[in-house]
Amino acid sequence: ALNRRRFVMPLVAAAVLPHGDFAFDPSLLSNPTSRAAADGLHRGSLLAGRLLADAAPDAIVLTTPHGLQTSWDVGIYQNAALQGVATVGRDLQESFGPASPRKLYPVSLDGQTDAGLAQQIMDVLSARHNVTLQRGWNGVLPMPLHWGEVLALSYVANASAAHCLPPLVTLGLPLSRYNLSSAVATGFLQLGRDLGRLLEASSKRVALLVSTDLAHTHWRNTSFGFSPHAAPFDAALGTWAARLDAGALLRGSAALVDQVYSCGWLGLPMLHGALEAAAEAEERKAGQGGKWSPLNASWAATLTAAPAHPTYYGMMAAVFQRRRRDAFVCPANTHRCADGCAPVEAGAAVCCGDGTACASGYRCADRPSFGPACVRARGDREAAPEFIPEAAPGPRPEPVPVLAAAEAPGAAVPLPMGTAGWELRYHLCRAGALPLHRLAL
């Protein structure tokens, strides 16, 4: 810990963790397929919690969809003490009906609020955003916590031998998340950027934690019903979490979120904005302000549990760790650039500028309508090649699945989804040819 603190990086890590019962306790399920999916989510969530705890944060900023809520404002808990119980096992009835076996038990968690940081966040964000302090019982009683906070935080607390947490700042997502998430997403992205700038100027080491489950419409059950958009929505979020692809989050999943009931999704654009702001602040400190770099130059993204739905709702786990630009190590089959890791494919020329690789005769460029792409190099002129379908006019195609078919000649056989160590390779210009590589966790 002492060695870590020599390098002041106020926003030190971030994570996305589920709060569903089956990721927390896979033994609730008896079906082998559902149990296997839950086991993978459980292992990945424990790993993400441990990696977040390893960053040794002085405080954790938590977003929750199931706490105290207002109509439009993000609520910032102010009570000094936090205390609550999650009743694990209720999702069995939600998934299989009231006749399913009852296996209920409590999980308790106590915490304390970082009152100074909470007030600072309120003071800064209230100038531009809908935020409000929430204080109950004159501040003398603990603010209640339940499953949305307790289960996600438990993965972090369990990584400590003492099962303790650093002080918290709890942000309750507003009721507008139910059916207006896509409409307010841009505002939450900007809120995250302002939050990231605030934290980068802080003297504390802070971690961000988003508590969320994914689409709640994978099954035709009595809860939310079935939607064909559930699978592509979850896949888009897996793509974002594995390689910090803003398009997968802000275009792919945002186009579907209001149809699939993802409870804590608004925390994800907030998190992405905070990571962007931290990266920009780091570039300015290094004297590189104004130079565009891929987000993975500053943040190492690890999808520790791929999206899976043991029952009607999906879950995933991911962690984002701060890189030291002069010391980061690139995975196998990638090239270390000054500003990130770029894939090295057979017959491909590495383009370090945005972390992508293009075939010989092409160069990387950012197209505002659809993001990074390989464009034909013609002196100072660029022309999109015919084989990149995204370059054609018209609507952007549906997001590709997390496990798209790979593969450059001679590429290694991809690991099956959920296998320990699988991870998407860094962003390629052509999303339809995403290869995979092993990444030691």
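A nonpolar patch is made of residues with over 30% relative accessible area and no salt bridge, whose side chains (Val, Leu, Ile, Met, Phe, Trp or Tyr) are joined within 5 Å. Keep that in mind as you look at this predicted model. Here W137, V140 and L141 make a nonpolar surface patch of about 340 Å².

Let's pick out one member of the patch. You will find W137 in the loop between β6 and β7, where β7 covers residues 143-145. Is W137 buried, partly exposed or exposed? With a relative accessible area of 49%, W137 is partly exposed, because that label covers values between the 20% and 50% cut-offs.

## The protein as a whole

The protein has 441 residues, and buried ones make up 56% of them. Its accessible surface comes to about 18,300 Å², with 55% of that belonging to carbon and sulfur atoms.

There are 10 helices and 20 strands to explore. Among contacts in the protein with a separation of 6 or more, 71% are between residues 24 or more positions apart.

## A sheet of eight strands

Eight strands form an open sheet with mixed pairing, in the order β6-β3-β8-β2-β9-β1-β11-β10. Which strands are at the edges? They are β6 (131-134) and β10 (299-308), each of which pairs on one side only. On average, neighbouring strands of this sheet are turned by 20° against each other, direction ignored.

Strand β1 (residues 11-17) and strand β9 (residues 206-211) run parallel and are joined by six bridges. Within this pair, L11 stands opposite V206 in β9.

## Helices that pack on the sheet

Helix α4 (residues 115-125) packs on the sheet and touches β2 (59-64), β3 (74-77), β6, β8 (168-172) and β9. The direction of α4 makes about 150° with that of β6.

Helix α7 (residues 230-243) also packs on the sheet, where it touches β1, β10 and β11 (315-322). The direction of α7 makes about 155° with that of β10.

## A closer look at D91

For a last stop, find D91 in helix α3 (residues 90-96). D91 has a relative accessible area of 16%, so it counts as buried, the cut-off being under 20%.

Which residues is D91 in contact with, leaving aside its neighbours within four places in sequence? They are G20, D21, F22 and Y313. Y313 is 222 residues from D91 along the chain, while the C-alpha atoms of the two are separated by 9.9 Å.

Key:
Residues numbered from 1 in each chain as written. Predicted model: local features only at pLDDT ≥ 70, side-chain atom pairs only at ≥ 80, totals over all residues. Heavy atoms only, no water. Pairing = 2+ DSSP bridges. Helix = DSSP H or I, 4+ residues; strand = E, 2+ residues; numbered from the N terminus. Axes fitted to C-alpha atoms, helices over the stretch in contact; angles between N-to-C directions. Contact = heavy atoms within 4.5 Å. Buried < 20%, exposed > 50% of the residue type's maximum accessible area, 1.4 Å probe, protein only. Areas by Shrake-Rupley, 256 points an atom, 1.4 Å probe, with all protein chains shown as cover. Patch = residues over 30% accessible without salt bridge, like charges linked within 9 Å, V, L, I, M, F, W, Y side chains within 5 Å. Salt bridge = Lys/Arg side-chain N within 4 Å of Asp/Glu carboxyl O.
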